[in-house]
Amino acid sequence: MSEALGAEVLRPEVLGAELGERATLVQFSTAFCQPCRATRRTLAEVAAMVPGVAHVEIDAEERLDLVRELAIARTPTVLVLDRTGRVVRRAAGQPRRADVIAALGRAV
């Protein structure tokens, strides 16, 4: 997972969901994206395993405004937010569980 380029902050009203107490995994997906399904499972498993971490999935086609604002170029794209909603990591493509857990270390 790469470093975030900017100091983007995503608030609950923008995400349409509450932030996790410690961190939030935000996944941008599309309906017919096969890697998105596997990413959904991986992020849900990690969120269930790590206390205070939430997983939020956003349909990229329904949220084109946010996709453009955050320069999301492909799906799946995963953003790791700290407890305040600041983007601390981002990655495109299907992540491995170990990489997600390591990226969370940066957020909590």
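Ala 71 is found in the loop between α3 and β4. In this predicted model, the phi angle of Ala 71 is near 55°, a positive value in a residue other than glycine. Ala 71 is exposed, with a relative accessible area of 57%, and the cut-off for that class is over 50%.

The loop between α3, residues 64-69, and β4 also holds Pro 76. A cis peptide bond joins Thr 75 to Pro 76, with omega at about -5°.

I turn now to helix α4, which spans residues 97-107. Which residues of α4 are buried? They are Val 100, Ala 103, Leu 104 and Ala 107. Viewed down the axis of α4, these buried residues fall within an arc of 110°, so they line one face of the helix. The face turned away from that buried side carries Ala 98 and Ala 102, both exposed.

Against what do the buried residues of α4 pack? Their partners are the strands β2 (23-29), β3 (53-59), β4 (77-82) and β5 (87-92), together with the helix α2 (34-49).

The pairing of α2 with α4 deserves a description of its own. Two packed helices are described by the angle between their axes and by the distance between the axes. For α2 and α4, the angle is about 45° and the axes are 10 Å apart. The two helices, α2 and α4, are therefore oblique to each other. The crossing of α2 and α4 is right-handed.

Which residues make this contact? From α2 come Thr 42, Leu 43, Glu 45, Val 46 and Met 49. From α4 come Arg 97, Val 100, Ile 101 and Leu 104. By class, the contact of α2 with α4 comprises six nonpolar residues, one polar residue and two charged residues. Val 100 and Leu 104, which take part in this contact, are also among the buried residues of α4.

Thr 42 is found in helix α2. Is Thr 42 buried or exposed? At 13% relative accessibility, Thr 42 counts as buried, since the class requires a value under 20%. Neighbours within four places in sequence aside, Thr 42 is in contact with Pro 95, Arg 96, Arg 97 and Val 100.

Notes: Residues are numbered from 1 along each chain as its sequence is written. This is a predicted model: local features need pLDDT of at least 70, side-chain atom pairs count only at pLDDT 80 or more; totals for chains, interfaces and linings use all residues. Side-chain values use heavy atoms; hydrogens and water are left out. Buried means under 20% relative accessible area, exposed over 50%, partly exposed in between (1.4 Å probe, protein chains only). Helices (H or I, at least four residues) and strands (E, at least two) are DSSP runs, numbered from the N terminus. The arc is that of the directions from the helix axis to the C-beta atoms. Contact means heavy atoms within 4.5 Å. Axes are lines fitted to C-alpha atoms, for helices over the stretch in contact, and angles run from 0 to 180 degrees between N-to-C directions. Angles under 35 degrees count as roughly parallel, over 145 as roughly antiparallel, 65 to 115 as roughly perpendicular and the rest as oblique. A crossing is left-handed if the near helix is turned anticlockwise from the far one by less than a right angle, and right-handed if clockwise. Ala, Val, Leu, Ile, Met, Phe, Trp, Tyr, Cys and Pro count as nonpolar, Asp, Glu, Lys and Arg as charged, and the others, Gly among them, as polar.
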